Amino acid sequence: MRGGGAGRQGGTMRRPLGILGCCPVLLLLLLLLLQPGARSVPHRLRRQPLGSGFSGSHGAADSACKNRPLDLVFIIDSSRSVRPEEFEKVKVFLSKMIDTLDVGERTTRVAVMNYASTVKVEFPLRTYFDKASMKDAISHIQPLSAGTMTGLAIQTAMDEVFTEEMGTRPANFNIPKVVIVVTDGRPQDQVQDVAASARTAGIEIYAVGVDRADMQSLRVMASEPLDEHVFYVETYGVIEKLTSKFRETFCAANTCALGTHDCEQVCVSNGGSYLCDCFEGYTLNPDKRTCSVVDVCAPGKHECDQICVSNNGSYVCECYEGYTLNPDKKTCSAMDLCAPGRHDCAQVCRQTDGSYSCDCFEGFTLNPDKKTCSAVDMCAPGRHDCEQVCVRDDLFYTCDCYQGYTLNPDKKSCSRIDVCAPGTHDCEQVCVSNEGSYTCDCYEGFTLNPDEKTCSRASTSSLVTTEEACKCEAIAALQDSVTSRLQALSTKLDEVSEKLQAYQERQQVV
């Protein structure tokens, strides 16, 4: 026992909390009865039938004790294994328990829950404050039949009964919350975890087993010490005799129950004296009275790989940003932050040391929000190598040339087009180049027709001699010859220019 109480569930009361509200003379008499040898306390974990010597009444027990106020909830099993006549005896037990209590709005409040495979709150703590009304309501309770969902019943008590709306008094009133579970079977759900949660929440649990009740289940749901919170009777026929034992429990005159101790958290009765203990997650100080929080996350006291988080006397493990907790709930693994749904990048996610950054596909640029992307203007100045015209084509571009120029084989630079070369124009007589375009003209003695292409002989008022006509034809023939030679020469100059450019490029490569 740590400070008189190791192995106790955190937050539960080690001894029933009660206070004797009687006069000093009765208090003195009761203290005398508690002297060694005056009475013996039976060991409640032994599966012994309650028979002779276990009476349901003894002298003054018939009158209600002045116990310390309680918020008391009875949870009774009415599954199929409980026969109707046995269930009636459970109701008699509840009525006799009511008779032993100091019932009232400002004293002990009582609620009754009925359970099998489902749970029914017969009446909460706020409903009745007199014994007659409670006993009348108990007499009308009907069994629910199938199933034994004890864990569900305890959970329902926490969720729906032990609330201020349902009559539980506020925490600052320091009114003990007590549950008495009566069952004859084995729970069909996970009662251990639910009962532990209830005890941690400050609810003291008594477990009463009848006939075929599973003793191990009674132990896991009851509060510590088990020999004061677990009861067993052979049959429902003697269950009402437990009322005297509960009366002793709730009306006992000891230092812890009277509240005359100086324990900061838990008082544990020890014969005629007491010892102090602490809630789970606390440790008893050297003064043996006060408690200090245990630092469960101190180095060497936990198994967390990265972060230890203290949690009501226990701890849970967490991980740094960019890591995820493994199934062992202790170690951490790097998280794939770029997995679908885990990032907000519009196009490309790049993971870097527990974080990530966004990037874009080729032809796109990252926007100032560092998440979305916009298409790059590939034809913006400085982004292309076209000599004259850049033509954008989705994510790429092509080069083109101004009118009167043609794209060279390198697909980037342009050369002027000889628009008057043979076969490239539709002038009948004379083609005149004009900055990448051309116009048509006619020989002397001819005039350009309205179609701007063909020519007609000019009409004249003077007669033209045969000699002059011959001269005109000779001149025209000479002009054609000169024009043809000039065109051939221009073609050769272009070829020489291309060869020179190719030579220069090879020289640059060398």
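The structure is a predicted model. The protein contains 9 helices and 26 strands. Of its 510 residues, 39% count as buried.

**Overall picture**

- The protein exposes about 28,900 Å², and carbon and sulfur atoms supply 51% of that area.
- Among contacts between residues at least 6 apart in sequence, 55% join residues at least 24 apart.

**Aromatic pairs**

- A pair of aromatic rings is described by the distance of the centres and the angle of the planes.
- The count of such pairs in this protein comes to 5.
- In one of them, the ring centres of F93 and F246 are 6.5 Å apart and the planes stand at 50 degrees, so the pair is tilted.
- F93 belongs to helix 2 (residues 84-100) and F246 to helix 7 (residues 242-251), so this pair ties together parts that are 153 residues apart in sequence.
- F93 has a relative accessible area of 0% and is therefore buried; F246, at 0% relative accessibility, also counts as buried.
- F246 forms a tilted pair with F231 as well, with 4.9 Å from centre to centre and 40 degrees between the planes.
- This second pair links distant parts of the chain, as F231 lies in strand 6 (residues 230-233) and F246 in helix 7, 15 residues apart.
- Both F231 and F246 are buried.
- Ring pairs link F93, Y206, F231 and F246 into a cluster.

**Salt bridges**

- The protein has 16 salt bridges by count.
- One of them joins D71 and R169, whose closest N and O atoms are 2.7 Å apart.
- D71 lies in strand 1 (residues 71-77), while R169 lies in the loop between helix 4 (150-161) and strand 4 (177-183), so the pair ties together parts that are 98 residues apart in sequence.
- D71 is buried at 0% relative accessibility, and R169 is buried with a relative accessible area of 9%.
- Another salt bridge connects D214 with R186, with the closest N and O atoms 3.4 Å apart.
- D214 is in the loop between strand 5 (203-210) and helix 6 (215-221), and R186 is in the loop between strand 4 and helix 5 (191-200), so this bridge ties together parts that are 28 residues apart in sequence.
- D214 counts as buried at 14% relative accessibility, whereas R186 is exposed, with a relative accessible area of 56%.
- The side chains of D359 and R350 also meet in a salt bridge, at 2.9 Å from N to O.
- D359 is partly exposed at 29% relative accessibility, and R350 is partly exposed with a relative accessible area of 44%.
- Elsewhere, salt bridges that share partners join R83, E85 and E86 into one network.

**Tyrosine Y315**

- Y315 lies in strand 12 (residues 314-318) and is partly exposed, with a relative accessible area of 24%.
- Leaving aside neighbours within four places in sequence, Y315 is in contact with several residues, including V296, C297, H302 and C308.
- The side chain of Y315 reaches the backbone nitrogen of E303 at 3.3 Å.
- Y315 and G281 are 34 residues apart in sequence and 9.7 Å apart in space, C-alpha to C-alpha.

**Nonpolar surface patch**

- L478, V482, L486, L489 and L493 make a nonpolar surface patch of about 490 Å².
- L478 is found in helix 9 (residues 466-509).
- With 56% relative accessibility, L478 counts as exposed, because the cut-off for exposed is over 50%.

How values were computed
Residues numbered from 1 in each chain as written. Predicted model: local features only at pLDDT ≥ 70, side-chain atom pairs only at ≥ 80, totals over all residues. Heavy atoms only, no water. Helix = DSSP H or I, 4+ residues; strand = E, 2+ residues; numbered from the N terminus. Buried < 20%, exposed > 50% of the residue type's maximum accessible area, 1.4 Å probe, protein only. Contact = heavy atoms within 4.5 Å. Polar contact = N/O pair within 3.5 Å; in protein donor to acceptor, adjacent residues only side chain to side chain. Phe/Tyr/Trp six-rings, centres within 6.5 Å; stacked < 30°, edge-to-face > 60°. Patch = residues over 30% accessible without salt bridge, like charges linked within 9 Å, V, L, I, M, F, W, Y side chains within 5 Å. Areas by Shrake-Rupley, 256 points an atom, 1.4 Å probe, with all protein chains shown as cover. Salt bridge = Lys/Arg side-chain N within 4 Å of Asp/Glu carboxyl O.
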